[in-house]
Amino acid sequence: MNDTTYFGAIVGRVANRIGGAQFTLNGTHYKLVANEGNNTLHVMESAFASASAITDQRQKIEQYKHILTAVISSNDIVQARRFIDHMLSDDVPLVVSRQLLQTFAEELGRLEPETQKEIAHYTLAQIQPRVVSFEEQVLVIREKLAELYESEEQWSKAAQMLSGIDLDSGMRLSKCVQIACLYLEDDDAVNAEAFINKASFLVSNSQHEVLNLKYKVCYARILDLKRKFLEAALRYYDISQIEKRQIGDEEINEEALEQALSAAVTCTILAAAGPQRSRVLATLYKDERCSKLKIYPILQKVYLERILRKPEIDAFAEELKPHQKALLPDNFTVLDRAMIEHNLLSASKLYTNISFDELGTLLGIPPHKAEKIASRMIYEDRMRGSIDQVEAVIHFDDDTEELQRWDQQIVGLCQALNDVLDSMAKKGFPVPV
């Protein structure tokens with residue numbers, strides 16, 4: 001069998017020469033590997049044997065490249081698998097197999113999509129035991145496969161393919177952000193957060209402005225999906241204030257900034273009612289850009305602590321994303337809870353006290369649920385008041401005394417400052433006017 005004339009050898013699947021390395025059978029046209037000029041002599045094994053027998057490395061590589069070109073052109077899964085198996089066998093020196101597999105990885109895009117997927121996965125599985133020797137080739141194959149999945153909008157599969165790349169390399173930050181963005185396309189905040197957390201250790205040292213901006217957008221979207229609305233609102237608002245309109249090759253248009261500002265307003269409205277939310281509402285309400293937003297009317301009412309009616313809430317709901325209307329364990333949606341808490345806080349400004357029944361009617365929920373929500377808000381120090389369970393009444397605390405104390409402190413500070421200035425004037429020090 002070591003005789004290169006192959007006398008006595010069993011041949012197959014075809015014997016003798018196939019002219020032009022192609023033929024038609026039963027109406028189907030087949031392309032074969034040309035292993036003798038433009039012809040096919042016997043089958044692929046003989047082509048491999050011929051190439052393997054060449055002692056000159058450059059000629060050996062060229063012969064293998066001819067075989068690879070035929071394999072890619074044939075779009076034949078079986079031939080492609082045989083080529084991969086041969087490249088990873090002991091018959092091919094590592095320096096040759098690396099070069100050929102690199103070329104193979106770069107040419108994958110020429111295959112039909114389904115063939116490309118099957119061959120790419122097969123190649124990755126076969127390389128795995130020797131992955132340390134083929135890191136560059138694995139990188140190219142995974143990136144090609146990720147591009148294919150992305151073009152088919154299979155976002156999570158694309159992300160999973162990229163996550164298999166060694167992220168200890170110099171591209172770690174960009175890959176982590178890219179993977180997080182892909183997971184976010186499927187609203188997968190859990191996996192996206194895992195990679196954006198890895199990126200957070202690197203972004204502080206990054207000078208790449210476009211990449212830093214993508215990181216900020218991803219982080220804001222993750223907080224939004226995880227219903228950490230107040231934190232998300234602050235990050236969206238920070239993005240909306242970008243002054244540059246050109247960052248590297250990325251053009252920042254007004255529409256993108258407006259979307260970020262609108263997202264900031266939406267998240268603030270959905271955030272848990274309380275002092276922190278009120279401060280962010282004030283910042284947004286005083287921003288002149290917000291008056292141009294479609295959701296400005298509800299922002300105005302929320303800021304002014306007016307009770308929201310169902311038609312207004314329904315109109316706002318049309319602008320929300322699915323996770324912002326998701327059903328919670330207490331059978332309220334995210335939107336329902338936010339609106340109930342807002343209306344409850346607004347009622348605390350209008351009433352000195354109110355019974356559970358009246359509050360339930362006002363909020364459109366059963367009295368016992370109204371009591372439970374009010375109790376939680378008071379306990380979390382998001383609303384000032386107390387509950388009389390015997391009388392079934394909620395008493396709201398007035399902020400007047402606290403405001404008066406604040407005014408007195410301001411007056412005291414101003415008086416102390418005047419005393420200092422008078423003392424300086426008496427001693428002959430120049431006093432700025």
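First, the ground rules. The model is predicted, so local features need pLDDT of at least 70 and side-chain atom pairs count only at pLDDT 80 or more, while totals for chains, interfaces and linings use all residues. Residues are numbered from 1 along each chain as its sequence is written, and side-chain values use heavy atoms, with hydrogens and water left out.

Start with helix α14, residues 296-303. Helices here are DSSP runs of H or I, at least four residues, numbered from the N terminus. Which residues of α14 are buried? Y296, I298, L299 and V302 are. Those residues cover an arc of only 160 degrees around the axis, which puts them on the same side of α14. The arc is taken from the directions from the helix axis to the C-beta atoms. Buried means under 20% relative accessible area, with exposed over 50% and partly exposed in between, using a 1.4 Å probe and protein chains only.

What do they pack against? The partners are α12 (254-270), α13 (275-286), α15 (310-317) and α16 (334-350). After α14 comes E305, with a positive phi near 60 degrees.

Now α12 again, with a partner. Helix α11, residues 229-240, packs on α12 at about 160 degrees, and the axes are 8 Å apart. Axes are lines fitted to C-alpha atoms, for helices over the stretch in contact, and angles run from 0 to 180 degrees between N-to-C directions. So α11 and α12 are roughly antiparallel. The cut-offs: under 35 degrees is roughly parallel, over 145 roughly antiparallel, 65 to 115 roughly perpendicular, the rest oblique. On the α11 side, the contact includes F229, Y236 and Y237; on the α12 side, it includes L257, C267 and L270. Contact means heavy atoms within 4.5 Å. By class, this contact has 13 nonpolar, two polar and no charged residues. Nonpolar covers Ala, Val, Leu, Ile, Met, Phe, Trp, Tyr, Cys and Pro; charged covers Asp, Glu, Lys and Arg; the others, Gly among them, are polar.

Next pair. Helix α17 (356-363) and helix α18 (367-379) pack at about 90 degrees, axes 8 Å apart. They are therefore roughly perpendicular. From α17, F356, D357, L359, G360 and L363 meet P367, A370 and E371 of α18. That contact divides into five nonpolar, one polar and two charged residues.

Last stop: Q137, in helix α6, residues 135-151. Is Q137 buried or exposed? Buried, because its relative accessible area is 5%. Leaving out residues up to four places away in sequence, Q137 touches R98, L101, Q102 and A105.

Technical notes. Helix = DSSP H or I, 4+ residues; strand = E, 2+ residues; numbered from the N terminus.
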